[in-house]
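Dear colleague,

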Amino acid sequence: MRVGCPQRNPMNPSMQEAYRIMPTKDRRATPRFLAKPENNIRYGDRSAPIRDLSLEGVFILDPDPLPPGSELSFTLTAGQTEISLEGIVRHSVVDVGMGIQFTNLSNVSKRRLTIHIASLVAAPSLLPQA
């Protein structure tokens, strides 16, 4: 990197806002990983990009999130692989998204998820406030 040149931020404004409101203390039992831009989930007639992912759950960017306690079945697209999952909404932020905890994780889905996570970069647990 050249001295004096501003560093470019590759995240779009909605991703920047989603990271700005991330909790400063990570309460997860397993580490979270930054999703790739092409990662998303489909549920019902909706599709949403993924902010971050762990072996226990996912945070998706959806400005109209489901309320906490909602149960859903969804498909996570990880490159060319589709992973069928079930979960429960544990955290919901209007205009930002929702955190979903995985439930009833099959052996096949867990293996596919583990393989995909191995290709991701660890997410920062503490982010500077803008």
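In this message, a residue is called buried when its relative accessible area is under 20%, exposed when that area is over 50%, and partly exposed in between, using a 1.4 Å probe and protein chains only. The model is a predicted one: local features need pLDDT of at least 70, side-chain atom pairs count only at pLDDT 80 or more, and totals for chains, interfaces and linings use all residues. Residues are numbered from 1 along each chain as its sequence is written, and side-chain values use heavy atoms, with hydrogens and water left out.

I begin with the salt bridges. The term denotes a side-chain nitrogen of Lys or Arg within 4 Å of a carboxyl oxygen of Asp or Glu. By this rule, five salt bridges are counted.

One of them joins Arg46 to Asp64, with 3.9 Å from N to O. This pair links distant parts of the chain, 18 residues apart: Arg46 belongs to strand β3, and Asp64 to the loop between β4 and β5. Strands (E, at least two residues) and helices (H or I, at least four) are DSSP runs, numbered from the N terminus. Asp64 is exposed, at 53% relative accessible area, whereas Arg46 is partly exposed at 27%.

Arg42 and Glu82 form another salt bridge, their closest N and O atoms lying 3.3 Å apart. Because Arg42 is in strand β2 and Glu82 in strand β6, the pair ties together parts that are 40 residues apart in sequence. Both residues are partly exposed, Arg42 at 34% and Glu82 at 43%.

A further salt bridge connects Arg51 and Asp52, at 2.8 Å from N to O. Here Asp52 is buried, with 0% relative accessibility, and Arg51 is buried as well, at 3%. Through salt bridges that share partners, Arg32, Arg51 and Asp52 form one network.

I turn now to the nonpolar core, meaning a set of buried Ala, Val, Leu, Ile, Met, Phe, Trp, Tyr and Cys residues joined through side-chain atoms within 4.5 Å. The largest such core has 22 residues, and Ile41, Leu53, Val58, Ile60, Phe74, Leu76 and Ile100 have the most contacts inside it. At least two core residues come from each of β2, β3, β4, β5, β6, β7 and α2. The largest share, four residues, is supplied by β5.

Leaving aside residues up to four places away in sequence, Ile100 touches several residues, including Ile41, Val58, Ile60 and Phe74; contact here means heavy atoms within 4.5 Å.

Yours sincerely
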